[in-house]
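Subject: Structure handover

Hello,

Here is the structure I promised to pass on. Please open it first, then read my notes below.

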Amino acid sequence: MGHSRFSDRKVVVALALLCCLLWGSSYPAIKTGYAWFGIAKSDIPTQLVFAGWRFLGAGLILLAWALATRKAIWGLGFAAGRQLVVLGLAQTTLQYVFFYVGLAHTTGVKGSIMNATGTFFSVLLAHWVYHNDRLSHAKLWGCLVGFVGVMVVNLGRGALDMDFTLLGEGFVVIAAFVLAAASIYGKQVSQRMDSVVMTGWQLGLGGVALLAIGWSLGGSLTGFTWGSSVLLVYLALLSSAAFSLWSILLKHNRVSQVTVFNFTVPVFGAALSALFLGEALLEWKNLLALVLVCAGIRLVTRDVPETAPALPARPPTAAP
């Protein structure tokens with residue numbers, strides 16, 4: 001397809017929504033994977049092995065695609081190799097240690113809403129890093145409204161009770177912060193190498209590290225069936241496919257035209273978790289939290305300067 005096709009508004013809307021749908025589907029897919037592979041929520045080593053196979057697969061898919069499109073994936077130099085190792089350990093390994101453990105200890109609905117805090121962390125961090133991406137009144141209000149939504153979804157039965165645990169919701173939020181911080185470093189690295197090659201290597205290297213940590217702690221992924229194997233392949237494919245499509249959209253369109261769709265990720269994630277996992281979505285606090293989080297992301301992204309660095313435009317979770 002040519003440049004004009006990817007700049008066509010209908011194509012942009014369709015592909016951006018597809019990316020967000022894929023990222024949103026990762027929440028019920030991971031939770032289903034835990035069940036199909038027989039992974040207990042206390043079995044952290046095996047959760048890391050599960051994540052490791054997913055991201056090693058995603059990285060290999062992207063590197064294979066880079067080779068097929070005649071991009072150089074070897075001979076990048078020592079400095080570039082060191083940067084890729086640091087990025088892989090931060091953006092894939094460290095982030096998903098927190099994300100996979102956190103998601104095992106909370107619901108898919110809450111996890112998808114909590115992970116949306118990554119957008120707000122990106123905006124806050126960008127204010128201190130980029131001189132042309134300062135906080136505005138709309139961004140401040142967006143962050144405030146979004147975090148109120150996160151508080152609402154964690155309300156317990158009592159008016160002042162908070163249904164929040166460090167291993168569950170806390171780890172999902174930490175994962176979102178790690179992604180936001182690592183994205184700043186990734187933004188710098190991407191200026192000096194092809195973004196697909198960079199992401200392929202960081203996903204692959206991060207996946208290898210996750211496997212090594214999981215195996216060293218005694219983790220072992222068993223319970224392979226046709227269904228569970230297909231699910232694992234799907235998780236790898238969605239990461240590579242969504243990133244590739246998102247990158248193409250950002251290349252051919254203004255940043256704000258693409259980032260506006262980020263607000264649909266928690267919507268898709270919560271809805272699909274309710275549909276496939278039978279989790280409660282229609283509770284008043286979940287619906288109110290979704291509205292507040294989406295409104296916050298909309299406020300944050302609507303006034304992204306067209307010349308600003310694309311930090312908030314990176315995948316919501318090199319996701320989920």
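Thr32 is in contact with Leu231 and Leu277, leaving aside its neighbours within four places in sequence. Thr32 belongs to helix H2, which covers residues 9-36. The relative accessible area of Thr32 is 16%. The cut-off for buried is under 20%, so Thr32 counts as buried. Please keep in mind that this is a predicted model.

Stay in H2 for a moment. Ile30 is found in this helix too. How buried is Ile30? Its relative accessible area is 0%, so Ile30 is buried. Setting aside neighbours within four places in sequence, Ile30 is in contact with Phe50, Arg54, Phe99, Tyr100, Leu103 and Leu235. Ile30 and Ala51 are 21 residues apart along the chain, and their C-alpha atoms are separated by 9.0 Å.

Now the whole chain. It has 13 helices and zero strands. Read from the N terminus, the elements run α-α-α-α-α-α-α-α-α-α-α-α-α. The chain has 320 residues, and 57% of them count as buried. What share of contacts joins residues at least 24 apart? Among contacts between residues at least 6 apart in sequence, the figure is 87%.

Next, two helix pairs. Two packed helices are described by the angle between their axes and the distance between the axes.

Helix H3 spans residues 44-68, and helix H4 spans residues 78-104. Their axes come within 10 Å and cross at roughly 125°. That angle makes H3 oblique to H4. The crossing of H3 past H4 is right-handed. Which residues meet there? From H3 come Ile44, Gln47, Leu48, Phe50, Ala51, Arg54 and Phe55. From H4 come Thr92, Tyr96, Val97, Tyr100, Val101 and Ala104. By class, this contact of H3 with H4 has 10 nonpolar, two polar and one charged residues. Some of these names have come up already: Phe50, Arg54 and Tyr100 are among the contacts of Ile30.

The other pair is H5 with H12. Helix H5 covers residues 108-115. Helix H12 covers 264-277. The two pack at an angle of about 175°, with their axes 8 Å apart. Are they roughly parallel or roughly antiparallel? The angle makes H5 roughly antiparallel to H12. On the H5 side, the contact is made by Gly108, Val109, Ser112 and Ile113. On the H12 side, Pro266, Gly269, Ala270, Ser273 and Ala274 take part. By class, the contact of H5 with H12 has five nonpolar, four polar and no charged residues.

Asn262 sits in the loop between helix H11 (255-259) and helix H12. Is Asn262 buried or exposed? Its relative accessible area is 3%, so Asn262 is buried. Asn262 and Ile297 are 35 residues apart along the chain. Their C-alpha atoms are separated by 7.3 Å.

Best wishes

Definitions and conventions. Residues numbered from 1 in each chain as written. Predicted model: local features only at pLDDT ≥ 70, side-chain atom pairs only at ≥ 80, totals over all residues. Heavy atoms only, no water. Helix = DSSP H or I, 4+ residues; strand = E, 2+ residues; numbered from the N terminus. Buried < 20%, exposed > 50% of the residue type's maximum accessible area, 1.4 Å probe, protein only. Contact = heavy atoms within 4.5 Å. Axes fitted to C-alpha atoms, helices over the stretch in contact; angles between N-to-C directions. Parallel < 35°, antiparallel > 145°, perpendicular 65-115°, else oblique. Left-handed = near helix turned anticlockwise from the far one by under 90°. Nonpolar A, V, L, I, M, F, W, Y, C, P; charged D, E, K, R; others polar.
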